[in-house]
Amino acid sequence: MNDDKVKTIREMCDAFEVTPRTLRFYEQKELLFPIREGQKRLFTRRDCARLKLILRGKRFGFSLEEIRQLLDLYHLGDQQATQLTKAYDIAKDRLADMIRQRDELNVAIEDLKEQMSWGEKMLASIQQKKSAAE
């Protein structure tokens, strides 16, 4: 393997804005499979592609187990049809969860705005009474 096709742990950290600990964690969870040369880890283009998918999956709220299952489906030999179908199903469920969470957050935001407005009025009233008494 040519050196230009592998990245060191530092290069991976810089390229993907992750920590060495994160890379070691994903390796421990058998999501990444760097080449080991003593204590040195060398990451292949395959590892780069896998890390990109892992980070995207995490950003969308996929569990590590869901991500592992999707990555494991890559080599089925069906032009990734099974992998894409499974990814789509997980994404559809996750999108529904995210929309529900957003809606709940929008309600909470409106409630908080109302409470803050009430608080502003109360503080203004108290301040006005205090000024009138002086």
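Figure 1. The protein's secondary structure comes to five helices and three strands; here helices (H or I, at least four residues) and strands (E, at least two) are DSSP runs, numbered from the N terminus. Follow the chain along its sequence and you get the pattern β-α-α-β-β-α-α-α. Keep in mind that this is a predicted model: local features need pLDDT of at least 70, side-chain atom pairs count only at pLDDT 80 or more, and totals for chains, interfaces and linings use all residues. Residues are numbered from 1 along each chain as its sequence is written, and side-chain values use heavy atoms, with hydrogens and water left out.

**Figure 2. The overall dimensions of the chain.** Along the principal axes, the C-alpha atoms fill a box of roughly 85 × 35 × 20 Å. The protein has a radius of gyration of 25 Å, while a compact globule of 134 residues would have one near 14 Å; the radius is taken over C-alpha atoms, and the globule rule is 2.2 Å times the number of residues to the power 0.38. Of the 134 residues, 22% are buried, where buried means under 20% relative accessible area, exposed means over 50%, and partly exposed is in between (1.4 Å probe, protein chains only). The protein exposes about 10,200 Å², and carbon and sulfur atoms supply 53% of that; these areas come from the Shrake-Rupley method with a 1.4 Å probe, and for residues only the protein chains shown count as cover. Now take the contacts in the protein with a separation of 6 or more: 47% of them are accounted for by residues 24 or more positions apart. A contact here means heavy atoms within 4.5 Å.

**Figure 3. An open sheet of three strands.** In what order do the three strands of the open sheet sit? The order is E1-E3-E2, and the pairing is antiparallel. Strand E1 (7–8) and E2 are the edge strands, each pairing on one side only. Two strands count as paired if DSSP finds at least two bridges between them. Strands of a sheet pair through backbone hydrogen bonds, either parallel or antiparallel. E1 and E3 pair over two bridges, and in one place Lys 7 has Phe 43 of E3 as its bridge partner.

Figure 4. Three bridges join E2 to strand E3 (residues 40–43), and the two run antiparallel.

**Figure 5. The buried side of helix H1.** Which residues of H1 are buried? They are Met 12, Cys 13 and Phe 16. These residues cover an arc of only 100° around the axis, so they lie on the same side of H1; the arc is that of the directions from the helix axis to the C-beta atoms. An α-helix has 3.6 residues a turn, so residues three or four places apart point the same way. The buried residues of H1 pack against E1, H2, E3 and helix H3 (45–59).

**Figure 6. Two glutamates with positive phi.** Most residues other than glycine have a negative phi. Glu 17 has a positive phi of about 55° although it is not a glycine. You'll find Glu 17 in the loop between helix H1 (9–16) and helix H2 (20–28), and at 74% relative accessibility it counts as exposed. Glu 30 also has a positive phi, near 60°. Glu 30 is in the loop between H2 and strand E2 (35–37), and with a relative accessible area of 52% it is exposed.

**Figure 7. An aromatic pair.** How are the rings of Phe 25 and Tyr 26 arranged? They form a tilted pair, 5.8 Å centre to centre, with 55° between the planes. The rule is that rings of Phe, Tyr and Trp (its six-membered ring) pair if their centres lie within 6.5 Å; planes under 30 degrees apart count as stacked, over 60 as edge-to-face and the rest as tilted. By this rule the count comes to one aromatic pair. Phe 25 is partly exposed, with a relative accessible area of 35%, whereas Tyr 26 is buried at 7%.

**Figure 8. Arg 45 and Lys 5.** Arg 45 sits in helix H3 and is exposed, with a relative accessible area of 58%. The C-alpha atoms of Arg 45 and Lys 5 are separated by 6.4 Å, though the two are 40 residues apart along the chain.
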